Amino acid sequence: MASHSDTLVVFFGATAGANGGKLGSDEREIILLVWQIVDLHEKKVGKLQRRLVKPDSLELTDQSKEETGLSVEELYKAEPLDKVLQQFQQSVSAELKALGRSSYTLCVDGPLIIRQALHPEASKKNLVLPECFYSFVDVRKEFHKCCPNAGQVQDLTLHSMLEYVCIPELPLSEQVMGLKEVRCMVQLSLHILAEPYNHKFSCFEAVKYKLESGACKTEPVDSETVIRARGLPWQSSDQDISRFFKGLNIAKGGVALCLNSQGRRNGEALVRFINQEHRDLALERHKHHMGSRYIEVYKATGEEFLKIAGGTSNEVAQFLSKENQVIIRMRGLPFTASPQDVLTFLGADSPVTDASDGLLFVKYPDGRPTGDAFVLFSCEEYALNALKKHKQILGKRYIELFRSTAAEAQQVLNRYMSTPLISTLPSSSMVPMPVLATPPYLATGSTRDCVRLRGLPYTAAIEDILEFMGEHTIDIKPHGVHMVLNQQGRPSGDAFIQMRSADRAFMVAQKCHKKMMKDRYVEVFQCSTEEMSFVLMGGTLNRSGLSPPPCKLPCLAPPAYAAFPSPAMLSEAALYQPPLLATPRTPQPPHSPHPTLLYMNMNMNYTAYYPSPPVSPSTMSYFASPPGSVALAAQQPHAQGHVASPMMPQHGALVRMQGLPYNAGVKDILSFFQGYQLQPDAVLLLYNFSGQRSGEALITFPSEESARRAVAERANHPLSGLPVRLLVCCD
């Protein structure tokens, strides 16, 4: 746009839902656009134009019907938004030509119609907005600049501004929504352009065309500019998040995708905006939709943003110094892969920026490669060509490629550089955990639906096991890969895989036995859950049969995250099949009054979850139970006669949910308890003897008060059409 000084186009819009100060907050579509031209030189006005817009969903709220005076029948005959915008351009261009003017600027009463309604709707409908909608002036800010004593900008209204400069209200007969607002804005603009104000419109606001990438510097970040978005689809990129907040200006490098302890995206992101005004508008998009999922938007702090996006690595800073680059993350690279191998894999149709200088290999503190790398591309086309090579083979491994961000690169580098390759046993004291396997478990556990891999290379990761099993990976149970470490916390060369059935386990044992993995052949044997549990708990499985485990926890797979951060006492009613490691029962003498206590280290997680692309919160942050697992309350008298209760994951009060649909996941339960600020790790799904969901769950609330309030408010409310029963377990 050559100049902003020729003309103003006073612009107004209304939606099928909330209008006024809440315009755009409910995602309703635009149904009305009104505009009129003001010649800034001649102080003349053009024809008042009013257009109805046909929304995709022909539904109006009662409030909208009352305010706009429109009906569904009228809107049905109207043109869709893209056609009305074309009419807007043609009408304005024709009038400008008649006036002999060359440029114009939109003038609005507050930014909501542009930032919260027009841009988000156009983004969802994949409409390309004319350039004029990327720059505008706000009549309130212009009036405040002209008359600073009239009040704060956020407190100004058309009525108060007209009253301040003594312009009379329009007659009631002319107070039709849209026409009234545009006429008032035109009158106000002409008044401040004239004597004694002689105002010049100069507070031009811009809408960014695209997200600016870049590394986050380590200087303090204003907490009034940061939000946390939750519930994002796992495949969301920074560009997807930018589109969700279309119309609002995100700071350079201001999208930080959060990773869980496995280095995978956890469905959350921290977003930094250019100022508090844009942050506050972003909060109004709470529970707006990204595709079919609604996104929760909350306030966050600058410290939280820096924790995710900030870093001190000079290597990362140098890598990300090339601005406005598209970043792709590569996972599963062979440890011997060189920069030239990666460049050859990506090919000539996706050239890397500055060749090998556009590659960042992620390494452990001792210099060993992790199999991860980040790649820079100069444009979207090259990045899309690279993404087409997702799961293609490099060497003997398939490579995963995902869109990434500067913040994600920083997080991954921070994570690997600050933690050792193999987790060692914590030095904390052992906490007693009463776990008793009942007789039905022994019968179920004898089913030979597992396989044991013996003789694995010591460098083998779970990705190598999945590649080794090939087409049989589809038959692995969720979270069914278990790596076994020795007493020194190092790989033992053994692993156990839980398959979906004994037949599948038999087929794997037949087809994969003595198949090569790297330089070694691997032995594959069919076994049962019982035998697997013996070994995972420290026992041995050899030709002589089973040797029971010692009464201490062995070194198991490095924990994905802390299994039980701290103990919390529960009532006996709260104990129902927590999905812990299935533990065979030690035979008891007939006269033994109490079951044996098996001591488990509460800071270790026995299982290593097999990898997948970055996952959504609905599949993370809870423990999946192996088949046959069950824990019952063990009543161990204390000196005072109290009962010792098992320990559960978190402090707080527990609520037991009953009657859940069997396909209900963590995300469904969190949605059921919306407004209680629960984290995914507060949800514990319960399983039956067959390893299937039992229709029950335990929910940890921060306090007994909040737990009782949730039960009172949500008891017998439906989840997927089924009424859910709630019971407080904090008595």
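Reader: In strand S10, how many of the 9 residues are buried?

Author: Happy to start there, and please keep in mind that this is a predicted model. Strand S10 covers residues 265-273 and is mostly covered. A residue counts as buried when its relative accessible area is under 20%. By that cut-off, the number of buried residues in S10 is 7.

Reader: Which residue of S10 is the bridge partner of arginine 228?

Author: Let's look at strand S8, residues 226-230, which runs antiparallel to S10. The two strands are joined by 5 bridges. In S10, the partner of arginine 228 is leucine 270.

Reader: And strand S9, which residue there stands opposite arginine 265 in S10?

Author: Strand S9 spans residues 250-259, and its pairing with S10 is antiparallel. That pairing has 5 bridges. Opposite arginine 265 stands leucine 259.

Reader: There is also an open sheet of 5 strands; which strands stand at its edges?

Author: Good one to trace by eye: the order is S14-S15-S13-S17-S16, with antiparallel pairing. Each edge strand has a single partner, so one of its sides is left without a neighbour in the sheet. From one strand to the next, the twist averages 35°. The edge strands are S14 (359-363) and S16 (392-394).

Reader: What stands opposite isoleucine 328 in S17?

Author: Strand S13 holds residues 326-331 and strand S17 holds residues 397-404. They run antiparallel and are joined by 5 bridges. Opposite isoleucine 328, you will find arginine 403.

Reader: Which helix packs on the sheet at about 150° to S17?

Author: Helix H12, residues 339-346, lies across S13, S14, S15, S16 and S17, and runs at about 125° to S14. The other helix, residues 380-387, touches S13, S15 and S17, and its direction makes the angle you ask about with that of S17. That helix is H13.

Reader: Turning to the second largest pocket, which helix gives the largest share of its lining?

Author: The space in this pocket is about 940 Å³. Of its 34 lining residues, the closest to the centre are Gly21, Asp109, Gly110, Leu112 and Arg140. Strand S1 (7-15) and several helices each supply at least two lining residues, including H4 (112-124) and H7 (179-193). The largest share, 4 residues, comes from H9.

Note on methods
Residues numbered from 1 in each chain as written. Predicted model: local features only at pLDDT ≥ 70, side-chain atom pairs only at ≥ 80, totals over all residues. Heavy atoms only, no water. 1 Å grid on protein atoms, 1.4 Å probe; cavity = no way out; pocket = protein on both sides within 12 Å on 5 of 7 lines; lining within 4 Å. Points joined across faces, edges and corners; volume = space filled by probe spheres on them. Pairing = 2+ DSSP bridges. Axes fitted to C-alpha atoms, helices over the stretch in contact; angles between N-to-C directions. Contact = heavy atoms within 4.5 Å. Buried < 20%, exposed > 50% of the residue type's maximum accessible area, 1.4 Å probe, protein only.
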